[in-house]
Amino acid sequence: MSREPNYEFQEWWNKQREKNHDLFTNDSNNANNGFLTVDISSPNPDRTAEKDRARSARQLSWVFLLRFQQLANSLASIANAFILLLRTANRRISSADSPSDSSASRLYRIIKVFLFLVVLLLCVEIVAYFKGWHFSPPSAASAEAAVELVYAKWLEIRADYLAPPLQSLTNVCIVLFLIQSVDRVVLMLGCFWIKFRRLKPTAAMEYPLGKVEGENVEDYPMVLVQIPMCNEREVYHQSIGAVCIMDWPKERMMVQVLDDSDDLDVQLLIKAEVQKWQQRGVHILYRHRLIRTGYKAGNLKSAMSCEYVKNYEFVAIFDADFQPAPDFLKKTIPYFKGNDDLALVQTRWAFVNKDENLLTRLQNINLSFHFEVEQQVNGVFINFFGFNGTAGVWRIKSLEDCGGWLERTTVEDMDVAVRAHLCGWKFIYLNDVKCLCELPESYEAYKKQQHRWHSGPMQLFRLCFLDILRSKVSMAKKANLIFLFFLLRKLILPFYSFTLFCIILPLTMFLPEAQLPAWVVCYVPGIMSVLNILPAPRSFPFIVPYLLFENTMSVTKFNAMISGLFRFGSSYEWVVTKKLGRSSEADLVAYEKESDTLLEASSLLRSSSDSGLEELSKLEISKKTVKTRRNRLYRKELALAFILLTASFRSLLSAQGIHFYFLLFQGISFLVVGLDLIGEQVS
């Protein structure tokens with residue numbers, strides 16, 4: 001059978017031939033048959049153009065060669081970093097003495113069973129994919145082989161019995177997720193309103209900065225400053241030095257160093273530091289408990305039982321790594337004047353090491369939102385928020401009125417704040433008064449801190465739930481405490497974040513009849529991450545790592561929440577967050593200048609033993625007690641990493657774009673954290 005003629009091609013060919021013929025005729029008439037003419041070039045040609053062309057070609061080749069070298073160096077650097085990463089991970093996995101977290105926890109055993117189930121389901125789906133059953137699912141009636149019949153039965157069980165309850169759980173978590181997202185949006189709107197209207201607490205009076213001649217010291221109230229610490233070798237001198245140089249009449253201030261250290265060398269170091277400031281004329285005392293009952297709450301309770309405490313009106317509390325500015329008391333105490341129902345003035349934390357590594361940058365995002373938005377909005381609109389445990393000033397009468405420090409939970413700061421609120425006391429938060437402190441730089445320290453911060457509130461909620469209901473505060477305050485302060489922000493948040501993104505999302509890859517919408521996986525979390533990062537605008541480049549890391553931390557927060565709610569043993573553990581003792585240069589310079597001034601004013605000269613031999617003994621003690629630290633392996637995070645990566649491979653078989661990328665990068669995030677490759681690297 002002959003092919004049909006292509007008329008379009010013939011028409012195009014005729015047009016081109018006519019065009020060329022006209023061009024040929026015109027050129028012949030104008031140039032007198034120039035196509036037959038031979039041009040003879042001059043014997044002395046202009047070689048400048050040729051040199052320029054040669055030089056340009058040579059320069060272009062050098063540019064290409066330089067670009068190629070830069071590209072090769074970049075690829076080599078990336079390859080070396082990847083190889084180093086693999087070697088580090090392999091060394092930590094294969095090392096026999098590499099420490100790891102407890103593998104005997106209930107949650108870890110459940111995750112291991114879940115991992116086995118997911119791997120088994122992936123094997124089934126791979127077989128079904130190569131058999132073509134993904135495109136044409138078999139039915140039990142038409143099944144020929146036994147394997148095909150088993151898969152057909154599995155499809156029926158999956159659709160009729162497994163997918164409906166999973167979809168119901170998914171819908172519940174989505175509703176909780178949306179409620180919590182609305183809460184975040186409302187908090188941000190409140191913060192915008194505060195900025196727009198420039199709302200802030202106002203003090204009835206102000207103290208002059210610096211020393212003023214002829215001032216009456218009786219105008220300054222008696223202030224007790226407490227510094228609780230426990231084995232704080234790296235940072236004890238920073239907090240003691242910063243407190244002792246505060247701009248406040250020395251006869252109107254007493255400093256208590258409350259040492260719970262069980263390390264004798266650390267005790268000697270702290271005692272020597274206290275004696276140094278005593279010789280400089282500072283009213284400072286050293287207290288040490290032989291039995292560390294009640295942890296920090298027991299330490300503060302013991303200090304408040306001293307006889308001389310009744311002579312003081314206010315108490316300021318600073319943890320061992322906090323460095324208040326010299327004018328801290330002069331900026332906080334005035335707010336108590338004329339506010340007899342004010343119990344607490346809380347200030348904001350500022351971090352000296354927020355740019356140290358990726359872990360500290362991500363912590364800075366979280367805590368910036370906490371202080372800039374949560375604390376400020378709650379302080380302005382309802383005069384209540386959780387006490388942060390440090391960098392705050394309490395009215396001693398309010399502490400006595402609500403029962404003082406209790407040892408029943410590991411969040412004694414939140415406990416005393418809730419009880420004071422139920423007694424009718426009010427709180428003020430000062431966002432423009434900052435107190436320098438240090439963020440934990442290792443994931444091990446950060447994880448232990450987060451476990452305590454999320455297990456303690458659940459302990460407290462069980463203990464004070466009936467007290468909230470029986471209290472005389474308004475129903476609005478009761479509802480705020482129960483539903484917003486405890487349930488939504490302390491229980492629902494870790495529950496849905498872990499369940500939705502670490503359990504339900506992987507399961508929906510193997511049970512596709514239950515669906516998790518893409519806007520829940522990607523769009524709404526992205527918007528919430530943008531809102532969370534607004535108080536720290538310099539951290540916008542880290543928005544994706546922040547979103548992934550928050551989901552990674554959900555396993556720790558969920559485990560802590562469950563242990564606190566059901567009173568597991570780990571909920572009562574108190575581990576001091578390890579710090580490295582970092583200070584900014586400006587702080588050190590100011591500290592040295594002020595300490596020299598105090599030394600001259602006191603007219604007390606230290607002896608040679610105090611200046612030389614004592615410092616030498618400190619150095620020798622520090623050298624003897626250096627301990628080797630290692631990075632750890634975190635088994636729960638590693639198991640969840642394999643679960644998510646397995647689910648991402650299953651989503652790849654189904655060509656689910658957003659779900660695949662989310663599961664892939666979230667699995668990599670869990671893997672990096674599980675191998676302790678985030679934060680400080682010490683091994």
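Predicted model: local features only at pLDDT ≥ 70, side-chain atom pairs only at ≥ 80, totals over all residues.
The protein chain as a whole has 19 helices and seven strands, and buried residues make up 48% of its 683 residues.

**The sheet and a helix across it**

- Strands of a sheet pair through backbone hydrogen bonds, and the pairing is either parallel or antiparallel.
- Strand 1 (residues 223-229) pairs with strand 2 (residues 253-259) in the parallel sense, and seven bridges join the two.
- Within this pairing, Ile227 has Val257 in strand 2 as its bridge partner.

**Nonpolar cores**

- In soluble globular proteins, nonpolar side chains tend to be buried together.
- The largest nonpolar core holds 89 residues, of which Ile240, Trp394 and Val418 touch the most other members.
- Strand 7 (residues 426-437) gives the most to this core, contributing seven residues.
- Which residues is Ile240 in contact with, leaving aside its neighbours within four places in sequence? They are Ile227, Met229, Val257, Ile270, Glu273, Val274, Trp277 and Ile284, and among them Ile227 and Val257 are the bridge partners already named.

**Salt bridges**

- Side chains of opposite charge can pair when their charged atoms come close, and in this model the count comes to 26 salt bridges.
- One of the salt bridges joins Arg395 to Glu313, with the closest N and O atoms 3.9 Å apart.
- Arg395 lies in strand 6 (residues 392-395), whereas Glu313 lies in the loop between helix 7 (295-304) and strand 4 (314-317), so the pair ties together parts that are 82 residues apart in sequence.
- Arg395 is buried, with a relative accessible area of 9%, while Glu313 is partly exposed, with a relative accessible area of 36%.
- Another salt bridge is formed where the side chains of Glu637 and Lys447 meet, at 3.3 Å from N to O.
- Because Glu637 lies in helix 18 (residues 635-653) and Lys447 in helix 12 (residues 443-470), this pair ties together parts that are 190 residues apart in sequence.
- Are Glu637 and Lys447 buried or exposed? Glu637 counts as buried at 0% relative accessibility, and Lys447 also counts as buried, at 12% relative accessibility.
- The side chains of Lys557 and Glu550 meet in a salt bridge as well, at 3.4 Å from N to O, and Lys557 counts as buried at 13% relative accessibility.
- A network of salt bridges links Glu125, Arg158, Glu513 and Arg650.

- Most residues other than glycine have a negative phi, and most peptide bonds are trans.
- Asn383 is not a glycine, yet its phi is positive, at about 55°, and this residue is found in the loop between helix 9 and strand 6.
- Ala391 is found in the loop between helix 9 and strand 6 too, and its phi, near 60°, is again a positive value in a residue other than glycine.

**The chain as a whole**

- Of the contacts in the protein chain with a separation of 6 or more, 82% are accounted for by residues 24 or more positions apart.
- The accessible surface of the protein chain comes to about 35,700 Å², and carbon and sulfur atoms account for 60% of that surface.

Key. Residues numbered from 1 in each chain as written. Heavy atoms only, no water. Core = buried A, V, L, I, M, F, W, Y, C linked by side-chain atoms within 4.5 Å. Buried < 20%, exposed > 50% of the residue type's maximum accessible area, 1.4 Å probe, protein only. Helix = DSSP H or I, 4+ residues; strand = E, 2+ residues; numbered from the N terminus. Contact = heavy atoms within 4.5 Å. Salt bridge = Lys/Arg side-chain N within 4 Å of Asp/Glu carboxyl O. Pairing = 2+ DSSP bridges. Areas by Shrake-Rupley, 256 points an atom, 1.4 Å probe, with all protein chains shown as cover.
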